[in-house]
Amino acid sequence: MEASVIHHRVDLVLRLLDTTTGYEVSERDVHFYEDEKEVFPIARGSGNYVFINAGRSDRSVRVKVFGYETAMARICYEDMDHGLPMKEVFLIPSENTAGGRPLLSFSGRLPGITAIEAVSLKESGLFIKEFDEKRCIMKFFRTQGINLGNLYYGVIHRQRQTYEGFEVTEEMPDSSVRIRKPLKEEFSVNSPVNRIIFGMVTEEGDYCLRVRDDSDELTFLVRYVVENEVRYKAVDFHNTEEDCLK
């Protein structure tokens, strides 16, 4: 009698992160849906959920987590590592279930909007020193101890009031990181660097960004895309009543 061999392949790992903090989501009341049918990946801790033998077709996965807004993860295998396809899903805390931590929102409707994110304009103590384009290594000046364990940051161009985002793939000694792709835009030495906070948009044009109300200074540079046009706007989250995107 021939022995049967069962093969297991990791087809997708979803990593759930709180966009307001950059840290993994520890909440265990988590549900995933594909085409309105619930699917059951394996929880591996640190916000990681593993899909085994699920196939590698491009698709969307709806993610529902208690205490967070429902998110849609769009899976495109061309954009992921073939050996271990991983997708970060940035979740926005719900206003009503933030564990007592106050939140501030910037929301509205803008037809044609397809993406929204932001970086704080408050200096965090992290500034770009130099960039090795060949090796994709970025060095920083630090004025205080800062954890670079998060993934996505932006180099802020103060005079242009824009920023260029980058993804950290490896933290290195001497205040250096390796990033996934070379920077495309010119930057000034000592330009501030801050973590990117991701928002959400709907097909109807509704948008939402949310931050922790943990500082007297909460001015963010919002980057948004409308019909393939990138636009920027400085927004004070303590005073958004008359602010809207155009």
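This is a predicted model: local features need pLDDT of at least 70, side-chain atom pairs count only at pLDDT 80 or more; totals for chains, interfaces and linings use all residues.
Strand 6 and strand 7, the latter spanning residues 71–75, run antiparallel and are joined by five bridges. The two strands form a hairpin with five residues between them, and Gly67, located in the turn, has a positive phi of about 90°.

Strand 6 also pairs with strand 2 (residues 30–34), in the antiparallel sense and over four bridges. Here His31 has Lys64 of strand 6 as its bridge partner. In a regular strand, side chains alternate between the two faces of the sheet. Strand 6, which comprises residues 59–65, has a covered face made up of Arg59, Val61, Val63 and Val65. Its uncovered face consists of Ser60, Arg62 and Lys64.

The turn between strand 6 and strand 7 includes Gly67, and Gly67 is among the residues touched by Ser94. Ser94 is placed in the loop between strand 8 (86–91) and strand 9 (103–109). With a relative accessible area of 13%, Ser94 falls under the 20% limit and is therefore classed as buried. Leaving aside residues up to four places away in sequence, Ser94 touches Gly67, Tyr68, Glu69, Leu103 and Arg210. For Tyr68, the backbone nitrogen is reached by the side chain of Ser94 at 3.4 Å.

A further hairpin is formed by strand 4 and strand 5, with two residues between them. In its turn, Ser46 has a positive phi of about 55°. Strand 4 (residues 42–45) and strand 5 (residues 48–52) pair in the antiparallel sense over three bridges, and Ile42 stands opposite Val50 of strand 5.

Empty space in a structure can be located by rolling a probe the size of a water molecule over the atoms. The second largest pocket holds about 710 Å³ of space. It is lined by 24 residues, of which Thr20, Ser120, Ser124, Asn194 and Arg195 are the closest to its centre. Strand 16 (193–198) and strand 18 (206–212) are the elements that give two or more residues to this lining. The largest share, four residues, comes from strand 16. By residue class, the lining divides into nine nonpolar, nine polar and six charged residues.

Conventions
Residues are numbered from 1 along each chain as its sequence is written. Side-chain values use heavy atoms; hydrogens and water are left out. On a 1 Å grid over the protein atoms alone, a cavity is a set of points where a 1.4 Å probe fits but cannot get out, and a pocket is an open set with protein on both sides within 12 Å along at least five of seven lines; lining residues have an atom within 4 Å of a point. Grid points are joined across faces, edges and corners, and a volume is the space filled by probe spheres set on the points. Ala, Val, Leu, Ile, Met, Phe, Trp, Tyr, Cys and Pro count as nonpolar, Asp, Glu, Lys and Arg as charged, and the others, Gly among them, as polar. Buried means under 20% relative accessible area, exposed over 50%, partly exposed in between (1.4 Å probe, protein chains only). Two strands pair if DSSP finds at least two bridges between them. A polar contact is a pair of N or O atoms within 3.5 Å; within protein, one must be able to donate a hydrogen and the other to accept it, and residues adjacent in sequence count only if both atoms are side-chain atoms. Contact means heavy atoms within 4.5 Å.
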